[in-house]
Amino acid sequence: MTQKAIDRHIAPALHPIEHISFVAPNAQLLANGATLFCLSGLQNDTSKIELHFAAGSTTNDPLTASLCAGLLINGSHQKTAKQIQKALDAVGAYYDVSLTQETAVVTLYALKNQLYNAYLIFHENLFGAIFPAKEVKDLVHSRRQKFLVQEQKVSFIAQRYFQRCLLAGTAYAKQIQLSDFDHADRAAIQAFHAQHYLCGLKKVYLVGDLQEATIKAFANLLEQYQSKLPQSAVFEWQPEQGATHIEQDGALQSAVRIGRPLFNKTHPDFCSFSVLNTVLGDYFGSRLMSNIREDKGYTYGIGSHIVESKQFGYLVIGTEVGVQTREATFREIQYEFERLKTELIPEEELNLVKSYLMGQLLKSADGPYAMLDLFANVETVGLDLSYYDRYISEVKAVDAKKLRELAQRYLIWEEMLLISAG
Amino acid sequence: MITFERFNLDNGLRVLFHKEPTTPMAVVNVLYDVGARDEDPQQTGFAHLFEHLMFGGSVHIPDFDAPLQAAGGQSNAFTSNDITNYYDVLPAQNLDTALWLESDRMLSLAFTPKSLEVQRQVVIEEFKQRYLNQPYGDAWLHLRPLAYQKHPYRWATIGKNIKHIQDATMSDVRDFFKKHYHPGNAILCIVGNFELATIKEKVNFYFSDIPSQPKSARKLSPEPPQKKFRIKTIQRKVPASSFYYAFQMGKRLDQDYYLSDLLSDHMGNEKTGILFTELQRKKKLVSEITAYITGSIDNGLFVISGKINPKRSLSELDAVLWPLLDQYKSKKMSQSALRELILKLQTAKAFQDQGLLSRAMNLSFFELLGSAELINQESARFENIQTKDLQTYAQQLLDKNRCSLLQIQAQ
């Protein structure tokens with residue numbers, strides 16, 4: 001075999017991404033007003049169903065929402081918690097319940113020939129849930145113990161304080177307090193379940209290579225829920241600004257959270273700002289990582305993210321640094337803001353970030369499970385998949401001048417909320 | 001069933017290729033046969049520190065990440081007690097970029113003093129963040145030297161203490177590279193929609209001129225069978241007392257591993273497991289409890305850990321736990337319970353195999369264990385287990401004389 005000599009100084013030619021295909025799920029409006037989204041085309045035996053309920057932590061008091069989610073499948077008129085679990089084990093199914101501020105998402109995973117059977121078990125016990133007093137008491141106790149451990153972590157302390165200040169004045173600032181565990185109320189959980197689960201189905205996602213008849217059978221069962229969704233709480237934002245340090249005796253590191261109100265995907269600046277945010281702190285080669293980790297060694301990691309919700313969005317920069325380098329870290333973050341506001345991002349760096357973002361989008365659209373998440377990200381804020389075509393063209397088009405302008409508009413140090421703990 | 005092709009280069013590099021026609025992405029996984037178990041007891045934490053240095057520029061390329069990001073990709077790595085594993089995920093049309101980068105750092109690193117100084121600091125902050133600055137974070141730093149007295153699993157990948165990282169010199173780092181980073185000590189696995197001929201040509205082009213080097217023999221002190229119960233108790237200001245019962249088990253490919261995996265799943269199940277139903281639910285001794293295995297290549301540990309409830313004590317738990325474990329020795333698990341455990345494991349595996357990266361890592365890992373074919377035999381190894389095997393194994397495993405107990409007592 002003849003071997004061409006290799007010149008290792010020369011990088012291989014790069015090939016841009018020509019096309020990304022975005023596959024919309026098949027949408028079906030159920031009789032109760034909720035939508036069933038199905039994505040098929042999966043070339044293996046796995047499948048999942050995701051139910052989205054209007055039962056997030058801000059829909060009532062956060063502890064009730066959290067306990068209800070934790071106890072959903074913990075005993076019904078028909079079966080005990082243990083019997084339900086055994087029935088699910090017998091079909092090899094797994095489930096989890098995750099809670100955001102707006103939504104409770106119940107996901108059931110099983111092989112495709114067992115998904116419907118698994119859901120039947122689930123369905124019967126979700127509708128018949130009785131929240132046995134003993135189960136409630138045990139969960140309250142174990143959650144309280146876990147909370148005590150969390151309270152010792154500087155990242156937990158800083159994150160909670162940050163959210164409370166940033167979202168001040170809104171329902172989103174409500175958080176579980178230790179004393180809440182003493183007043184957990186079974187009747188409140190039952191009422192919450194009746195209102196927010198049995199009557200609060202928002203949408204359902206189904207992924208897998210499932211038969212038409214199976215999907216139809218799912219639809220019939222899902223129509224037993226009602227879909228009387230509560231009005232979104234009025235969002236009157238009164239965010240706080242300025243610096244607060246929470247001292248923790250004996251801490252080796254301080255957790256830092258810096259941020260400000262921003263917007264979600266519906267805002268005209270969102271796509272371009274995502275590019276700016278990536279340059280600042282949302283990939284391994286970002287300005288913050290290069291400076292604070294790779295040049296100074298102050299931290300194991302630092303990142304900047306846009307957190308989105310249906311009604312709002314905010315920017316948050318988070319890290320954990322040695323206590324002695326905390327102040328220096330603040331100064332360096334401020335320095336990186338100033339650079340973005342005064343200098344133009346060099347072309348090479350900007351092109352790198354744009355290519356990186358395209359590669360990540362290609363990966364996010366790879367396969368039905370990833371595609372569904374991508375779809376959910378836009379559907380949740382009231383957009384459709386055409387958002388991604390707009391995103392691609394805006395990312396390609398945005399130039400250094402526009403990004404500097406965005407930095408001048410949004411990366412204003414005096415408008416930031418600066419929290420540290422440790 | 002995961003299909004793959006295998007070929008070797010003359011310099012000793014083992015290459016696996018798994019074709020996935022449905023994806024526009026490619027995965028390049030490089031496993032180096034070096035982990036914390038290969039470290040000098042006086043220089044622990046080295047394999048992991050070294051993993052950080054592998055991103056600090058190689059002999060012809062000043063920065064590892066930037067070219068990969070410009071190709072639309074990203075990269076990361078992890079170090080365990082057994083291996084150091086690097087991976088790149090990028091659009092398939094830019095596969096060459098990942099091969100160019102991986103082959104150059106296999107050839108040699110840039111070894112800049114700045115990179116060493118900075119990564120030393122980064123690792124020290126990682127040590128604080130993950131092990132020292134949170135309650136119970138250092139439990140395994142205490143449990144390992146209790147459960148292992150001879151084998152190098154007695155220290156964690158982060159190292160025995162920060163001082164070993166602080167003291168690392170440039171010449172130590174160079175020696176470590178020379179010894180462990182060469183084609184004969186690596187397994188390369190590529191996943192994506194490619195033809196085998198293309199993969200062969202590209203791998204040859206980028207990797208075949210890297211000089212071969214003899215693989216250094218691994219002489220690890222085996223851990224002798226434990227003959228006596230060991231206990232260590234630490235007094236500490238924590239929200240609740242915690243406990244870690246660690247039992248000696250077998251190697252990754254031993255039948256022990258599969259038996260232990262099933263037993264720990266059965267025992268530790270959050271709703272139906274005996275630990276939960278008896279100790280948390282019925283007796284109210286603990287606020288959380290679980291069972292799991294470490295699954296290391298050499299002899300691993302079967303661990304039962306959890307936290308004690310307020311006003312209950314570690315000794316109360318201990319008194320009740322042992323008779324409970326005896327049930328596994330005296331009674332056979334039901335046939336249906338065993339079938340359910342196996343079905344759950346198989347479902348979990350089907351979901352895990354969805355991911356391209358997970359397939360690439362697992363193929364590489366099984367190749368290291370002996371042959372990538374083993375990946376397709378895992379399921380049968382579980383299915384061949386009988387209830388009486390589990391009972392016999394429990395009698396051997398759950399012996400108090402083979403147990404090391406770490407307690408962190410709340411003050």
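The side chains of Glu135(A) and Arg281(B) come together in a salt bridge, with N and O 2.9 Å apart. Here a salt bridge means a side-chain nitrogen of Lys or Arg within 4 Å of a carboxyl oxygen of Asp or Glu. Keep in mind that this is a predicted model, where local features need pLDDT of at least 70 and side-chain atom pairs count only at pLDDT 80 or more, while totals for chains, interfaces and linings use all residues. Residues are numbered from 1 along each chain as its sequence is written, chains are lettered from A and ligands numbered from 1 in the order in which they are written, and side-chain values use heavy atoms, leaving out hydrogens and water.

That pair leads us to the interface of chain B and chain A, where the rule finds six salt bridges. Helices (H or I, at least four residues) and strands (E, at least two) are DSSP runs, numbered from the N terminus. Sorted by class, this side of chain B has 28 nonpolar, 27 polar and 16 charged residues. Ala, Val, Leu, Ile, Met, Phe, Trp, Tyr, Cys and Pro count as nonpolar, Asp, Glu, Lys and Arg as charged, and the others, Gly among them, as polar.

How much is covered up? Between chain B and chain A about 6,200 Å² is buried, with carbon and sulfur atoms giving 57% of it. Buried area is the accessible area (1.4 Å probe) that two parts lose on being put together, summed over both. On the chain B side, Asn133(B), Lys271(B) and Phe351(B) lose the most area to chain A, together 10% of what that side buries.

In chain B, 34 residues of domain 1 are in contact (heavy atoms within 4.5 Å) with 39 residues of domain 2. The area buried between the two domains of chain B is about 3,100 Å², and carbon and sulfur atoms give 67% of that. Tyr136(B), Trp140(B) and Leu146(B) supply 22% of the area that domain 1 buries against domain 2, more than any other three residues.

Charges join in as well: the rule finds five salt bridges across this domain interface of chain B. Asp138(B) forms a salt bridge with Arg236(B), the closest N and O atoms being 3.0 Å apart. Of the elements in domain 1 of chain B, α5(B) gives the most to the side that touches domain 2, with six residues. By class, that side has 20 nonpolar, seven polar and seven charged residues.

One more pair in chain B is worth a look: Asp82(B) and Arg37(B) meet in a salt bridge at 3.4 Å, N to O. Asp82(B) lies in the loop between β4 (74–79) and β5 and Arg37(B) in the loop between β3 and α1 (46–53), so the pair ties together parts that are 45 residues apart in sequence.
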